[in-house]
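This briefing goes through one protein chain, from a single residue to the chain as a whole. Keep the sequence and the 3D view at hand while reading.

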Amino acid sequence: GYSVSITNEGAIQWKIDGYKAFIFFDDDNEALQFYIGFDSDNATVHRCNEFNKKFRYVRTYMKKAGDVKLEMDLSFTGGITEARLRNSGVNFAISV
């Protein structure tokens, strides 16, 4: 299992391989976003683009040199099941 806590801002914080990951809810509670950030000396725009080609639902980008972000959105349109939510979290963790 994963250790989970709620931040002061209402986000869900969990750990993936020792890194802090977050789940943010949009203002209308119609979607959520899985999010994790890394500092990496090996990160390049090319590697981010290659990652984006490989993983369909997760995207990565660099805010500045070495500052890598991974995000995955999950819409609640049409409903959401516990199984879909769990599967999305697992898929996000695998992509990290």
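Ser 95 is found in helix 2, where helices are DSSP runs of H or I with at least four residues, strands are DSSP runs of E with at least two, and both are numbered from the N terminus. Ser 95 is buried, with a relative accessible area of 6%; buried means under 20% relative accessible area, exposed over 50%, and partly exposed in between, using a 1.4 Å probe and protein chains only. The model is predicted, so local features need pLDDT of at least 70 and side-chain atom pairs count only at pLDDT 80 or more, while totals for chains, interfaces and linings use all residues. Residues are numbered from 1 along each chain as its sequence is written, and side-chain values use heavy atoms, with hydrogens and water left out.

**Contacts of Ser 95**

- Leaving aside neighbours within four places in sequence, Ser 95 is in contact (heavy atoms within 4.5 Å) with Phe 51, Phe 55, Val 58 and Leu 70.

**The chain as a whole**

- The chain has two helices and six strands, arranged along the sequence as β-β-β-β-α-β-β-α.
- The radius of gyration, taken over C-alpha atoms, is 14 Å, close to the 12 Å that the globule rule gives for 96 residues, so the chain is as compact as a globular protein of that length. The globule rule is 2.2 Å times the number of residues to the power 0.38.
- Along the principal axes, the C-alpha atoms fill a box of roughly 35 × 30 × 25 Å.
- Buried residues account for 34% of the 96 residues.
- Of the contacts between residues at least 6 apart in sequence, 39% join residues at least 24 apart.

**Aromatic rings**

- The structure holds six aromatic pairs. Rings of Phe, Tyr and Trp (its six-membered ring) pair if their centres lie within 6.5 Å; planes under 30 degrees apart count as stacked, over 60 as edge-to-face and the rest as tilted.
- In one of these pairs, the rings of Trp 14 and Phe 34 have centres 6.2 Å apart and planes at 65°, so the pair is edge-to-face.
- Trp 14 lies in strand 2 (residues 12-16) and Phe 34 in strand 4 (residues 31-39), so this pair ties together parts that are 20 residues apart in sequence.
- Trp 14 is buried at a relative accessible area of 5%, and Phe 34 is buried at 1%.
- The rings of Phe 34 and Phe 92 have centres 5.5 Å apart and planes at 25°, so this pair is stacked.
- Phe 34 in strand 4 and Phe 92 in helix 2 (residues 82-95) are 58 residues apart, and their pair links distant parts of the chain.
- Ring pairs link Trp 14, Phe 34 and Phe 92 into a cluster.

**Positive phi values in loops**

- Most residues other than glycine have a negative phi.
- Asp 17 has a positive phi, near 50°, and is found in the loop between strand 2 and strand 3 (19-25).
- At 69% relative accessibility, Asp 17 counts as exposed.
- Asn 29 also has a positive phi, near 55°, and is found in the loop between strand 3 and strand 4.

**Glu 50**

- Glu 50 lies in helix 1 (residues 45-54) and counts as partly exposed at 34% relative accessibility.
- The C-alpha atoms of Glu 50 and Thr 60 are separated by 9.6 Å, and the two residues are ten apart along the chain.
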